[in-house]
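Subject: Structure handover

Hi,

Here is the structure I promised. Please open it alongside the sequence, then read my notes below.

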Amino acid sequence: MTEVRTERAISVVVNGVPREATVPVRWLLSDALRHGFGLTGTHVGCEHGVCGACTVLVDGQPTRSCLVLAVQVDGREVTTVEGLSRSDHQGGQVLHPIQEAFRECHALQCGFCTPGFLTTIAAGLDARDPSVEITEEEVDEMVGGNLCRCTGYANIKKACRHAAATMREAATPTEMAISAGDEEAGR
Amino acid sequence: MKPAPFSYADPTSVEEALDVLTAEGEGAKVLAGGQSLLPLLSMRLAAPTTLVDINRVPGLDQISAGPDGVRVGALVRHAQLLASAEAAGVQPLLGRATANVAHPAIRNRGTTVGSIAHADPSGEMTAVLALTDGSVTVATPDGRETVGWADFFLGPLETSVHGPAVVLDAFFPALPERSGTAFAEISRRKGDYAVCGAGVVVTLDDDRRVSSARAAYLSVGLVPEVHDLTDAVVGQPVDSADWAAAGELARGKVDPDGDLHASADYRRLLVATLTARTLADAGAEAARRTA
């Protein structure tokens with residue numbers, strides 16, 4: 001017979017680090033991240049799935065951490081905003097292109113909603129073919145599930161386009177070199 | 001807020017799940033995607049004593065599309081159904097409606113069958129199950145049975161399934177020949193609950209004249225409702241059918257409630273407009289498939 005419990009042990013990989021914990025079954029994933037693992041980058045806004053501030057990646061997929069129980073991520077990989085940057089292998093960190101773009105485009109003011117935007121957009125950008133120019137519809141779909149009450153979204157959308165352009169450049173260096181060469185030959 | 005205390009079980013088979021549901025009694029509730037259930041818990045609108053999480057039951061995450069229709073397992077996420085070209089090929093309403101379900105982050109976790117079992121009359125997939133004349137498979141300790149949509153939905157958030165039971169899958173019959181579909185909804189912000197929504201199926205005869213026009217609506221009744229609008233357009237050539245008349249016919253058939261978001265009259269107006277618009281699109285698609 002399946003055991004009925006009020007606490008359960010979980011093991012989960014958080015931002016690349018295997019973690020073990022015993023959590024109350026009523027804890028939301030957002031509770032476990034903030035109170036259990038001390039990762040307070042994940043912000044909790046409405047706590048019923050509407051605002052998107054708490055969005056994290058579960059096995060790479062954007063997921064509301066307030067709409068998943070902590071016990072349900074047992075055996076999964078979770079990426080929070082703290083895990084979006086990459087090591088530069090010299091002791092430092094390289095920000096994800098969308099993080100750089102948020103800084104560049106001034107896409108945040110109070111910053112409360114920012115972690116949810118960053119995780120959602122980062123997953124969206126990482127999942128698409130970077131060599132194709134991003135469309136307005138794609139940008140709208142990426143930011144449509146998150147609420148921001150400061151910026152009016154203009155700069156957030158600008159950051160999406162900026163990050164997509166950066167990733168496009170990084171993905172197609174050869175092609176661009178060739179087309180630049182053609183242009184010179186044409187002259 | 002946080003959910004009130006509850007107990008939790010994560011069985012690894014349907015039989016175990018039914019055992020736990022039986023043992024825990026009335027306060028036990030099945031948890032699949034949780035995108036409707038967990039907000040209810042956090043807002044303290046629901047306080048089950050035990051959650052029976054079926055996410056560890058193998059085999060429930062399959063979509064099987066055949067000539068008769070599409071069977072969607074209890075753990076198939078909206079995003080999985082949306083991405084299924086096979087499902088859309090057999091019944092195009094599945095992809096069209098799923099694209100309107102909330103936002104990508106919700107679709108990654110929420111399940112199609114869960115939203116049907118939740119029986120929210122503003123749900124897209126409840127309307128599609130009704131419009132396609134679909135059914136669900138329900139497992140109980142007594143065995144498995146197929147329940148047609150009309151016998152399944154009793155009221156808002158209420159189904160005919162009582163006692164220990166797990167909805168194993170939903171079956172959406174295939175789109176008939178010479179037919180086209182469309183789905184549209186009006187919401188305050190994209191991804192929010194629809195103020196009103198409509199899904200339609202138009203079928204033509206061999207001469208490209210309308211032989212059937214049916215519509216299902218979201219956020220209009222207490223349960224999903226399907227209306228036959230054929231009388232307004234029957235026998236008309238598809239290219240010049242009076243879809244607006246079908247919209248007016250639908251407007252007279254529905255009896256929506258008014259609320260904070262829209263008055264009853266405004267909802268009736270939306271029914272007329274969305275019906276005419278979607279029927280025109282579905283008619284054009286049916287014409288392409290009849291050529």
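Chain B has 291 residues, and 55% of them are buried. Buried means that 20 or more other C-beta atoms lie within 10 Å of the residue's own; exposed means 12 or fewer, partly exposed is in between, and C-beta atoms are placed from the backbone.

Some ground rules. This is a predicted model: local features need pLDDT of at least 70 and side-chain atom pairs count only at pLDDT 80 or more, while totals for chains, interfaces and linings use all residues. Residues are numbered from 1 along each chain as its sequence is written, with chains lettered from A and ligands numbered from 1 in the order in which they are written.

Chain B overall

Chain B holds 12 helices and 14 strands. These are DSSP runs numbered from the N terminus: H or I of at least four residues for helices, E of at least two for strands. Chain B is as compact as a globular protein of its length, because its radius of gyration is 19 Å and the globule rule gives 19 Å for 291 residues. That radius is taken over C-alpha atoms; the rule is 2.2 Å times the number of residues to the power 0.38. The C-alpha trace spans about 60 × 45 × 30 Å along its principal axes.

In chain B, 63% of the contacts between residues at least 6 apart in sequence join residues at least 24 apart. A contact means C-beta atoms, placed from the backbone, within 7 Å.

The core

The largest nonpolar core has 141 residues. Such a core is a set of buried Ala, Val, Leu, Ile, Met, Phe, Trp, Tyr and Cys residues joined through C-beta atoms within 7 Å. Among the members that touch the most others are Ala70(A), Cys160(A), Tyr217(B) and Ala246(B). Helix α12 (residues 264-290) of chain B gives the most, with eight residues. Beyond its neighbours within four places in sequence, Ala246(B) contacts residues including Ala213(B), Leu229(B), Thr275(B) and Leu279(B).

Where the chains meet

26 residues of chain A contact 31 residues of chain B. On the chain A side, strand β4 (residues 61-64) gives the largest share, four residues. That side has seven nonpolar, 12 polar and seven charged residues. Here Ala, Val, Leu, Ile, Met, Phe, Trp, Tyr, Cys and Pro are nonpolar, Asp, Glu, Lys and Arg are charged, and the others, Gly among them, are polar.

Best wishes

How values were computed:
Contact = placed C-beta atoms within 7 Å.
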